[in-house]
Amino acid sequence: MALITKDQRSMYNGEHKDKSAASWASQQGYALTFTHEITQHSVEFPGNVTKFQDSHNSQQKLEYVYGQVDPLTRTQNTTRKVSFTLSLANASIEEARYNEQNINLLLCMSYPKRNRDNAASGVPLIRVRGLNFIKNSVNPKGIAMYVGAMTYSLNIEAGFITSKGTGIMGEDEIYPAQIDITIEGTVRIDKYILDDGQPIPRTYPTYR
């Protein structure tokens, strides 16, 4: 990713868009955008989220003093973890080719940046924005996630889209009709500048 120019890939907008979920998603603004913080590559998908989980975990250190019922408590840290599944459908061979490149770019974002000597640098931090429940009131670019796992799975029962001898080298093409991408990560809490006694604003996170 370090050797190519910044790529900003939108949702599929090709000849067969009228048959695609991308058409409805564009009209409704129902999309998810992923931005690689280091390189600023970005990619967009229809926001068809089938599963979503948001957990806030606080790690406490408890010290029990003789004669006291309640322990002395000290908060060591509080973390927010988000996981969701994005379901992506292909309605045509053209859309399948396009989405293959979008998915490849998204998967690359889970890796650190590499230089010409193949040395890794930076942390694979991804910004996610688009839906009200994946929203950042502090930063309009979205929530920042340190991705722990990104799982790509095919829905075999949905079938495949095939094309005879149309590949770059004249090979047959076969693409899944439906793909599920599950993303799990730890959210970096952005600094809240207008601190009014709260660690984060009242509108963060948003569930609507």
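Reader: Along strand β10, which side chains point to one face and which to the other?

Author: Start with the general idea. Side chains in a regular strand alternate between the two faces of the sheet. Now the case here, in a model that is predicted. In β10, residues 160-163, Ile 161 and Ser 163 point to one face and are buried.

Reader: How many bridges pair β10 with β11, and in which sense?

Author: There are four bridges, and the sense is antiparallel. Take Ile 161 as an example: its bridge partner in β11 is Tyr 175.

Reader: Let me step back. How many helices and strands does the protein chain have?

Author: It has two helices and 12 strands. From the N terminus, the order is β-α-β-β-β-β-α-β-β-β-β-β-β-β. The protein chain has 208 residues, and 35% of them count as buried.

Reader: What is the strand order in the open sheet of eight strands?

Author: Read it as β1-β3-β2-β8-β9-β12-β5-β4, with mixed pairing. Then look at the edges. β1 (8-9) and β4 each have a single partner strand, so one side of each has no neighbour in the sheet. Inside that order, β2 and β8 run antiparallel and are joined by four bridges. There, Thr 35 stands opposite Arg 127 of β8.

Reader: Arg 127 carries a charge. How should I read charged pairs?

Author: Side chains of opposite charge can pair when their charged atoms come close. Searching the whole structure gives four salt bridges. One of them joins Arg 127 to Glu 37, with the closest N and O atoms 3.5 Å apart. The two partners are 90 residues apart: Arg 127 is in strand β8 (residues 125-129), and Glu 37 is in the loop between β2 (31-36) and β3 (42-46).

Reader: Is Arg 127 buried or exposed? And why does Glu 37 count as partly exposed?

Author: Arg 127 is buried, because its relative accessible area is 2% and the cut-off for buried is under 20%. Glu 37 counts as partly exposed because its value is 28%, which lies between the 20% and 50% limits.

Reader: Which residue does Asp 54 meet in a salt bridge?

Author: Asp 54 meets Arg 80, at 2.6 Å from N to O. Asp 54 lies in strand β4 (residues 49-63) and Arg 80 in strand β5 (residues 72-89), 26 residues apart. Both Asp 54 and Arg 80 are buried.

Reader: And which residue does Glu 173 meet?

Author: Its partner is Arg 97, again in a salt bridge of 2.6 Å, N to O. Glu 173 is in strand β11 (residues 173-176) and Arg 97 in helix α2 (residues 93-108), so the pair ties together parts that are 76 residues apart in sequence. Glu 173 is buried at 8% relative accessible area, whereas Arg 97 is partly exposed at 33%.

Reader: Now the rings. How many aromatic pairs are there?

Author: The count is four. One of these is Trp 24 with Tyr 30, edge-to-face, 5.4 Å centre to centre and with 70 degrees between the planes. Trp 24 is partly exposed at 47% relative accessible area, and Tyr 30 is partly exposed at 31%. Another pair is stacked: Phe 34 and Phe 84, 6.4 Å centre to centre, with 20 degrees between the planes. Phe 34 in strand β2 and Phe 84 in strand β5 are 50 residues apart. Both are buried. Ring pairs also bring Phe 45 into a cluster with Phe 34 and Phe 84.

Reader: What sits over the ring of Tyr 98?

Author: The charged end of Arg 9 does, 4.4 Å from the ring centre.

Reader: Last topic: the nonpolar core. Which residues touch the most other members?

Author: General idea first. Nonpolar side chains tend to be buried together in soluble globular proteins. Here the largest nonpolar core has 25 residues, and Leu 32, Phe 34, Phe 84, Leu 106, Val 128 and Ile 183 touch the most other members. At least two core residues come from each of β2, β3, β5, α2, β8, β9 (143-154) and β12 (178-188). Follow Val 128: beyond its neighbours within four places in sequence, its contacts include Leu 32, Phe 34, Phe 84 and Met 145.

Notes
Residues numbered from 1 in each chain as written. Predicted model: local features only at pLDDT ≥ 70, side-chain atom pairs only at ≥ 80, totals over all residues. Heavy atoms only, no water. Salt bridge = Lys/Arg side-chain N within 4 Å of Asp/Glu carboxyl O. Buried < 20%, exposed > 50% of the residue type's maximum accessible area, 1.4 Å probe, protein only. Phe/Tyr/Trp six-rings, centres within 6.5 Å; stacked < 30°, edge-to-face > 60°. Lys NZ or Arg CZ within 6 Å of the ring centre and 35° of its normal. Pairing = 2+ DSSP bridges. Core = buried A, V, L, I, M, F, W, Y, C linked by side-chain atoms within 4.5 Å. Contact = heavy atoms within 4.5 Å.
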